[in-house]
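User: Please take me through the terms applied to this model, setting values against definitions.

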Amino acid sequence: MALLTLAGAVAAYLYPPAFLIFKGYFLWFFAATMFALGVVLKPEEARAALSRPSRIGLGVLCQFTIMPLLGFAAASVAVWQGVDPALALGFIIVGCAPGAMASNVITYLAGGAVAFSIAMTMIATMLAPLLTPMMVELLGSAYMDIPFWPMMQTIILTVVVPLMLGMALRRRLGSRLLQAEQIAPGIAALAIIVICSYAVAANHDRIAETPLLVIGLVVLLNGLGYLLGWLAGGLFRFDHSYKITLAIEIGMQNAGLGVALALKHFQPETALPGALFAVWCIITAAGMTRWLHRPVIEVQPAC
């Protein structure tokens, strides 16, 4: 998946028109990922996650503290190195965004707690209309006018409804359930690849002018998000699958939302960090899933 995501991003950069055709279907691809997750989500996993609301609360708390502070630190370094403050502000917006919807798919592929991931993404996204502009104003001295109800409608139509439909279909598949569980992750992964490729195509001109420092800070922001999310899971005494999930939820941000907000409320260059982050976090997350599923070779002691 990492290689295909990178290949799609390169192709989108070299020939944007091939991927700009997906503009009108962007939300449908998001919906497809959630529908696929509904098919593979086991009811017992959902009950187990919701039975521990304290874990979800701790996860969301980390989401809106770790990444905003990392985004502020990245913006500070960028300004200190002479980067345009309008561009540096993009790091704060990315850090203050909720978790990415794609994180739910990555969590499944990585062997994490899918229901916990979905619960975190849902709650963080619902809190975003209040917390995102508040955090951006606090850290970036800027204010964004986020339309609450249209955003909520988007969340319901692209997350809640497809997820419920997928779960409903799961109960009716019967003997075909195993086959559906094998196909669904592939559909979700393909949708993510298209989404990332479209993000590159839509921001082609701005990416071409990105300073190398900004690219390095995007890489650092993503990596530290994974690391601090994993360490926070250990601090909270989460089990292995929940630590994987928290690391992914913290390290991956809904950069697509950040790009949209930046383009609407700020200068075009403010969207640069979000456009880069959208692709990079998928590549690293896909690579992480491959590493977690690597075969472990046991070394037998010599006699």
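Analyst: What follows covers the basis of the model, a helix and a glutamate. This is a predicted model, in which local features need pLDDT of at least 70 and side-chain atom pairs count only at pLDDT 80 or more, while totals for chains, interfaces and linings use all residues. Residues are numbered from 1 along each chain as its sequence is written, and side-chain values use heavy atoms, with hydrogens and water left out.

User: What makes Glu249 a buried residue without a salt bridge?

Analyst: Buried means under 20% relative accessible area (1.4 Å probe, protein chains only), and Glu249, in helix 14 (residues 240–251), is buried. A salt bridge requires a side-chain nitrogen of Lys or Arg within 4 Å of a carboxyl oxygen of Asp or Glu, whereas the nearest side chain of opposite charge, Arg55, is 14 Å away from Glu249, which therefore has no salt bridge.

User: Which side chain is joined to that of Glu249 by a polar contact?

Analyst: The side chain of Ser103 is joined to that of Glu249 at 2.7 Å, against a limit of 3.5 Å for a pair of N or O atoms, one able to donate a hydrogen and the other to accept it.

User: How much of the chain is buried?

Analyst: Of its 303 residues, 53% count as buried.

Definitions and conventions
Helices (H or I, at least four residues) and strands (E, at least two) are DSSP runs, numbered from the N terminus. Buried means under 20% relative accessible area, exposed over 50%, partly exposed in between (1.4 Å probe, protein chains only). Lys and Arg count as positive and Asp and Glu as negative; His and the chain ends are not counted.
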